[in-house]
Amino acid sequence: MAKYRVGLIGAGRKGTQHARAYMLDDRADVVAVADADQENLALFQQRTGVAAYADYRQMLEREDIDIAAPILPVSANPGIVTACAEAGVKAILCEKPISTSLAQVDGMIEICKRRRIPFGA
């Protein structure tokens, strides 16, 4: 059975919880994580052994990601979801709330819809 390659964006407490859930699913393989917080990133990488990136854009460029999982503060979601869609990931599962603006939500839904990328929260 082929596994979905998961790239997490956000290595903090919630990101670690999401990673654990993916790791418990035989259909998923967490292959990379990105976080600008070097302490969180180092701890996550030490615990999991996955490739670690200080910039999510580098992760998207270098890794073949099926599922992007941004687990971030709400203000970062619109730009990162858009970047993930533009990078060609196959699905995006975003932590809730996904935005504080309905217009931003509409924009994220629209780009995912145009690119036929399943988008969930």
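Modeller: Start at strand β5 (residues 91-93), which is joined to β6 by 2 bridges, the two running parallel. Here, strands are DSSP E runs of at least two residues and helices are H or I runs of at least four, numbered from the N terminus. Two strands count as paired if DSSP finds at least two bridges between them. Within this pair, F119 of β6 stands opposite I92.

A word on the source. This is a predicted model, with local features needing pLDDT of at least 70 and side-chain atom pairs pLDDT 80 or more, while totals for chains, interfaces and linings use all residues. Residues are numbered from 1 along each chain as its sequence is written, and side-chain values use heavy atoms, without hydrogens and water.

Now the whole sheet. It is open, with 6 strands in the order β3-β2-β1-β4-β5-β6 and parallel pairing. The edges are β3 (51-53) and β6 (119-120); each has a single partner strand, so one side of each lacks a neighbour in the sheet.

G88 follows α4, and its phi is positive, near 90 degrees.

With a disulfide defined as a pair of cysteine sulfur atoms within 2.5 Å, the count is 0. C94 is in none; its nearest cysteine sulfur, that of C84, is 8.7 Å away. C94 is buried, at 3% relative accessibility. C112 is also in no disulfide, and the nearest cysteine sulfur is again that of C84, 8.7 Å away. C112 is buried as well, with a relative accessible area of 2%.

Last, look at β2 (residues 28-34), the strand that holds A32. A32 is buried, at 0% relative accessibility. Leaving aside residues up to four places away in sequence, A32 touches V6, G7, L8, V50, A51, Y53, M59 and E63. A32 and Q45 lie 13 residues apart in sequence, yet 8.8 Å apart in space, C-alpha to C-alpha. Helix α2 (residues 38-48) is followed by G49, whose phi is positive, near 80 degrees.

How values were computed. Buried means under 20% relative accessible area, exposed over 50%, partly exposed in between (1.4 Å probe, protein chains only). Contact means heavy atoms within 4.5 Å.
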